[in-house]
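Good morning, everyone, and thank you for making the time. Please bring the model up on your screens, and I will take you through its charged residues.

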Amino acid sequence: MEQDSAGAPARASLLNDPKARGIFYQLLLVVALVTLGYVIVSNTIANLERQNIASGWSFLENTAGFGTNQSLVSYSETSSYGRAIYVGFLNTLLVAGVGIFFATIFGFIIGIARLSNNWVISRLAYCYVELVRNIPLLLQIFFWYFAVLRSIPGKREKWSLFDTFHLNIGGLRLPKPIMGTGSEWIGYAFLIGIAAAFLVARWARKRQEATGQPFPSFLTGVGFIFGLPLLTYFATGMPITLEHPNFVETGPILRQGFELNVGLNIIPEFLALTAALAIYTASFIAEIVRAGIQAVSHGQTEAAHALGLRNGPTLRLVVIPQAMRVIIPPLTSQYLNLTKNSSLAVAIAYPDLVSMGGTVLNQTGQAIEIIGIWMVVYLSLSLITSAFMNWYNQRMALVER
């Protein structure tokens, strides 16, 4: 080892010090990123000024001047651009939430069917997975919208089920609930029922871990969730009534069909998009579920059968809980994909965030602001979904005693 004139070990050169080199390269990277960002922003501002496009967010307060065929909140042509984007955001949440719900149910059923001992069921599930997941999602959206929903009766005809649910090319007509005085208590009872079901399930799990005795927490939870609102409904004098769709069969031909703003109408764009997203994503979830179940040792199934459990309880109480630790991480990716794939709604004119925002962009020319809104919204939805699924994954993880 080299020594200085005083006999002490000589200090290594900074160029040979790994820590110093690491700090230097990190600072160099930060400077490069800041410089690149400055160049991009400067060029963007210069290009906007050259094209006489004013940047900023004041345009969100201007009148939109266009309508929409679905809105979960009050909206009209006189509403602002900001309101229009908010309507699209809520529509995106709706189709993503409903799509995730049905995709999860279909995916678990088909994934379990893939492992069925019945040859016909397992082959049908296999064919479903291989067929659906290998056809582009956009083509499936077009199939449901242009091939299936355009072949149903026209606006002056209908298909009816129990004289309550009606379907034609204008959409699915349902009874619309009309909230009267005191109906808010039913909502409070529903929330209390959900909380009670959660607490009962938590107590039942701890009780079973301590004593080994099961408790019908699922049926009890269903009773709380639906029973409490039903009791409150009768206790408050039945404040909710149903407004049924009114179909006019006689009179001038232009007046025949369903009356506007009577009953609840689910537009065909929502039906087609939800069906395509749920069915397409379910094919991937089915394979995830199948792989998760197969990852559980077969000895677990044999042990459950040795204790006298049948196939159904074995799958529900032994196999699926252990498989969830394998299923949840890739399942999260499918939820994120479904949410982002909902932006394909613009292809069939469903008024989601991209569709409504695109109309605002075309009318105002505020491309940077609109695209920024899209990016922030989808990034936020993805991060929130990931955070929730990571929390759920930690709760489902196996804990060694």
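**Charged residues in a predicted model**

UniProt, in an unreviewed entry, lists residues 89-389 as "domain: ABC transmembrane type-1", and such annotations may be inferred rather than shown by experiment. This is a predicted model, in which local features need pLDDT of at least 70 and side-chain atom pairs count only at pLDDT 80 or more, while totals for chains, interfaces and linings use all residues. Residues are numbered from 1 along each chain as its sequence is written, and side-chain values use heavy atoms, with hydrogens and water left out.

How many salt bridges does a search of the whole structure find? The search finds three, a salt bridge being a side-chain nitrogen of Lys or Arg within 4 Å of a carboxyl oxygen of Asp or Glu. In one of them, the side chains of Arg-114 and Glu-287 meet at 3.1 Å, N to O. Arg-114 lies in helix α2 (residues 81-114) and Glu-287 in helix α7 (residues 268-294), so this pair ties together parts that are 173 residues apart in sequence; helices here are DSSP runs of H or I with at least four residues, numbered from the N terminus.

Are these two partners buried or exposed? Arg-114 counts as buried at 14% relative accessibility, and Glu-287 counts as buried at 13%, where buried means under 20% relative accessible area, exposed over 50% and partly exposed in between, with a 1.4 Å probe and protein chains only.

Glu-287 also meets Arg-290 in a salt bridge of 3.0 Å, N to O, and salt bridges that share partners join Arg-114, Glu-287 and Arg-290 into one network.

Definitions and conventions: Helices (H or I, at least four residues) and strands (E, at least two) are DSSP runs, numbered from the N terminus.
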